[in-house]
Amino acid sequence: MDKQLTSIGFIGLGVMGRNMAFNLLKSGYSLNVYNRSKDKANLLLEQGATWCPSPKEVAEQSAVIITMVGYPYDVEEVYFGENGLLKHANEQTVLIDMTTSTPTLARKIYQAAKEKNIEAIDAPVSGGDIGAQKGNLTIMVGGDVETFEKVLPVLKVLGENIVHQGAAGSGQHTKMCNQIAIASNMMGVSEAIVYAKKAELDPEKVLKSISAGAAGSWSLSNLIPRVLAGDYSPGFFIKHFIKDMKIALDEAEKMNLELPGLALSKKLYEQLAENGEENSGTQALVKYWEIF
């Protein structure tokens, strides 16, 4: 896809979306942006992005549209609302939903788009704010392989590990696998650091030893250093992680599959959220042992 001929729309300029949009601008794409709070777009506008007052205007002016919003009901509104993308996008527009949403909604968007001669893929990501900044996100894609290949140059600006997983909804199912693995891992790395402190060890030294061995993980190497620095700012909000875990448990129930590790993690995070930590990063799970 020739970037000189492509105008990209970007909807959702939160912790992740804003950095992803910056990377597209830096790569030479023209960018039409919308966010419910315009102030989050100010830095992008200063760098040459064009403000659109609603998804309708984004749809009318863009050949490729990326959405990165908060919850499935936000996705539903952006795509199916009165000023939504499906009502106002031009034929042959490519819609890329990178929100972590439900496989059912991804398939609904795909089918509705197809009926209007519009292409749609679901492409949720993993890698947090660091991956969004560096442009090395993992991107999991569901939808037609031809559409995937068409927009692959755009996706390569945002990520490095980019895999087409299958039909519409497959990207979202794969993201659920990702969140399931992270959920239990976050409990493990949090317990390890709490244990180290209780045993009066130097957590920095413990981290140096265990992150290089069989216990190593992305969360251990990237999030626990934040914990040790007292930094609980969100690379990924607890409230959004709870949303993802609920989606995964709902999907598992449809498949008659029990996921006890995921259920326990969701319970712990919900207790933290009820105690005012819903806007903290997922690394704030270590606070569970301080509060309860």
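Trainee: Where does Asn117 sit?

Mentor: Asn117 is in the loop between α6 (103-115) and β6 (119-122). Helices here are DSSP runs of H or I with at least four residues, strands are runs of E with at least two, and both are numbered from the N terminus. The model is predicted, so local features need pLDDT of at least 70 and side-chain atom pairs count only at pLDDT 80 or more, while totals for chains, interfaces and linings use all residues. Residues are numbered from 1 along each chain as its sequence is written, and side-chain values use heavy atoms, with hydrogens and water left out.

Trainee: Why is Asn117 called partly exposed?

Mentor: Its relative accessibility is 39%. Buried means under 20% relative accessible area, exposed means over 50%, and partly exposed is in between (1.4 Å probe, protein chains only). Asn117 therefore counts as partly exposed.

Trainee: What makes the phi of Asn117 worth a mention?

Mentor: Phi is near 60° in Asn117, a positive value in a residue other than glycine. Most residues other than glycine have a negative phi. Asn256 also has a positive phi, near 55°. Asn256 belongs to the loop between α13 and α14.

Trainee: Is Asn256 buried or exposed?

Mentor: Exposed: the relative accessible area of Asn256 is 76%.

Trainee: How do you know how α9 and α13 are oriented to each other?

Mentor: Start with the angle. Helix α9 (residues 170-198) packs against helix α13 (residues 238-254) at about 115°, and their axes are 9 Å apart. Axes are lines fitted to C-alpha atoms, for helices over the stretch in contact, and angles run from 0 to 180 degrees between N-to-C directions. Under 35 degrees is roughly parallel, over 145 roughly antiparallel, 65 to 115 roughly perpendicular, and the rest oblique. So α9 and α13 are roughly perpendicular to each other.

Trainee: Is the crossing of α9 and α13 left-handed or right-handed?

Mentor: Left-handed. That label applies if the near helix is turned anticlockwise from the far one by less than a right angle; clockwise would be right-handed.

Trainee: Which residues of α9 and α13 meet?

Mentor: From α9 come His173, Met176, Gln179, Ile180, Ile182 and Ala183. From α13 come Phe241, Asp244, Met245, Ile247, Ala248 and Glu251. Contact means heavy atoms within 4.5 Å. By class, this α9 and α13 contact has 8 nonpolar, 2 polar and 2 charged residues. Ala, Val, Leu, Ile, Met, Phe, Trp, Tyr, Cys and Pro count as nonpolar; Asp, Glu, Lys and Arg as charged; the others, Gly among them, as polar.

Trainee: How do α9 and α14 cross?

Mentor: The axes of α9 and helix α14 (residues 260-277) come within 9 Å and cross at roughly 65°. The crossing of α9 and α14 is left-handed. Ile180, Ala183, Ser184, Met186 and Met187 in α9 meet Gly261, Leu262, Leu264, Ser265, Leu268 and Tyr269 in α14. These divide into 8 nonpolar, 3 polar and no charged residues.

Trainee: Why is Pro103 called buried?

Mentor: Its relative accessibility is 0%, so Pro103 counts as buried. Pro103 lies in helix α6. Leaving aside neighbours within four places in sequence, Pro103 is in contact with Gly169, Gln172, His173, Ile247 and Glu251. The C-alpha atoms of Pro103 and Gly169 are 4.2 Å apart, although 66 residues separate them along the chain.

Trainee: What makes the Ser62 and Asn32 pair a polar contact?

Mentor: Their side chains come to 3.0 Å. A polar contact is a pair of N or O atoms within 3.5 Å; within protein, one must be able to donate a hydrogen and the other to accept it, and residues adjacent in sequence count only if both atoms are side-chain atoms. The Ser62 side chain also reaches the backbone oxygen of Val58 at 2.8 Å. Ser62 is in the loop between α3 (55-61) and β4 (64-67). At 3% relative accessibility, Ser62 is buried.

Trainee: Why is Glu277 called buried?

Mentor: Its relative accessible area is 11%, so the label holds for Glu277. Glu277 is in helix α14. The side chains of Glu277 and Lys287 are joined by a polar contact of 3.3 Å.
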